[in-house]
Amino acid sequence: MEVIEILRNVSKMIYENVKDLAGTDNAAGDFGIGAGGDISRNIDIIAEKTVLDYLKEIKFDCIVLGEECGRVELSDNPKGFIIMDAIDGSANAVRGVPFFCSSLAFATEDRLSSITDGVITNLSNGDMYWASKDKGAFMNGLKIKVHDKDPIYKIIGVNTSGASSDLMEQLQPIFEKHNHIRHFGANALEMAFFARGLMDVFIDLRNKIRIQDIAAGYIIIKEAGGLLLDANLNPLDADLSYKTRISFIAAANQKIIDDVILQIKK
């Protein structure tokens, strides 16, 4: 079975197991601080267990890097890493806001740039986005690409949750000059929306994002024709450590960078 099929299969299982939990008392609970640094909720635990049980069942030789469970070695001879945020947007999921997802990716080495496959599933409606290296990006079987034309409305995604006052000052020209700023509360799903052409740029310069949050979005955006850059506008890359925190910019094309990103104060 190809890796992408494994990721898609288990993503479907996550959806079936959690789709009726969002917004209920059973979604919450406090299971302590997960490996990623946030409080683990019941819906997170159920989703991660779904993945781990499936990978053990099919005897997939890998190391799992999970948002809650941490590093789980399922083989002495792993083929690579499964990078898992089984529930991205946990706050939305617990409250019942219909914008949360699962994010699963496979990397052959300990680098973001070695990711070969990724799947993001919108857990509020089952829409599935996936990509494999050099094979394109898809949503529910239809090929997707970033929006590379002059848009009727320029939609700009900016994650400012917990942003410092200095960063807000840097971003101020963007808020002042653009009327359609968005942030929905689940970076992975927002990256999928961007890859689908629903946003023109997505900015997260807080230096807080974890690899688990963006691993699947990384390959999906690249295969959809988008640009992924770090805060210095260099090609995005990082190791897969739990200590690693990054900033990134996803842009549809160089023109968007010139029109929007260069407005950020240095």
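Predicted model: local features only at pLDDT ≥ 70, side-chain atom pairs only at ≥ 80, totals over all residues.

Q: Is N92 buried or exposed?
A: Burial is judged from relative accessibility, and under 20% counts as buried. N92 has 11% relative accessibility and therefore counts as buried.

Q: Which residues is N92 in contact with, leaving aside its neighbours within four places in sequence?
A: With those neighbours left aside, N92 contacts V97, F99, F100, F184 and G185.

Q: Where does S132 lie, and which residues is S132 in contact with?
A: S132 belongs to strand 6 (residues 128-132). Leaving aside neighbours within four places in sequence, its contacts are I4, T116, D117 and E223. With D117 there is a polar contact as well, in which the two side chains are joined at 2.6 Å. S132 counts as buried because its relative accessibility is 11%.

Q: How are two packed helices described?
A: Two values are used: the angle between the axes and the distance between the axes. For helix 1 (residues 3-18) and helix 2 (residues 42-57), the angle is about 145 degrees and the axes are 9 Å apart. Helix 1 passes helix 2 in a crossing that is right-handed.

Q: Which residues make the contact of helix 1 with helix 2?
A: Helix 1 contributes I6, N9, V10, M13, I14, N17 and V18. From helix 2 come I43, I46, A47, T50, V51, Y54 and L55. By residue class, this contact holds 11 nonpolar and three polar residues, and no charged ones.

Q: At what angle do the axes of helix 5 and helix 6 cross?
A: The axes of helix 5 and helix 6 (residues 211-223) cross at roughly 10 degrees and come within 8 Å. Angles under 35 degrees count as roughly parallel, and helix 5 and helix 6 are therefore roughly parallel to each other.

Q: Which residues of helix 5 and helix 6 meet?
A: On the side of helix 5 they are A188, M191, F194 and A195, and these meet D213, I214, G217, Y218, I220 and I221 of helix 6. The residues of this contact comprise eight nonpolar, one polar and one charged.

Q: How many residues of helix 5 are buried?
A: Helix 5 (residues 187-195) is mostly covered, with nine of its nine residues buried. The buried residues include N187, L189, E190, A192 and F193, and also A188, M191, F194 and A195, which were named above in the contact with helix 6. Just after helix 5 comes G197, with a positive phi of about 95 degrees.

Q: Which value does phi take in N207?
A: In N207, a residue other than glycine, phi is positive and near 60 degrees. N207 is placed in strand 11 (residues 201-209). Its relative accessible area is 47%, so N207 is partly exposed.

Q: Where is L233 found, and what is its phi?
A: L233 is found in the loop between strand 12 (227-229) and strand 13 (246-251). Its phi is near 65 degrees, again a positive value in a residue other than glycine. L233 counts as partly exposed because its relative accessibility is 27%.

Key
Residues numbered from 1 in each chain as written. Heavy atoms only, no water. Buried < 20%, exposed > 50% of the residue type's maximum accessible area, 1.4 Å probe, protein only. Helix = DSSP H or I, 4+ residues; strand = E, 2+ residues; numbered from the N terminus. Axes fitted to C-alpha atoms, helices over the stretch in contact; angles between N-to-C directions. Left-handed = near helix turned anticlockwise from the far one by under 90°. Contact = heavy atoms within 4.5 Å. Nonpolar A, V, L, I, M, F, W, Y, C, P; charged D, E, K, R; others polar. Parallel < 35°, antiparallel > 145°, perpendicular 65-115°, else oblique. Polar contact = N/O pair within 3.5 Å; in protein donor to acceptor, adjacent residues only side chain to side chain.
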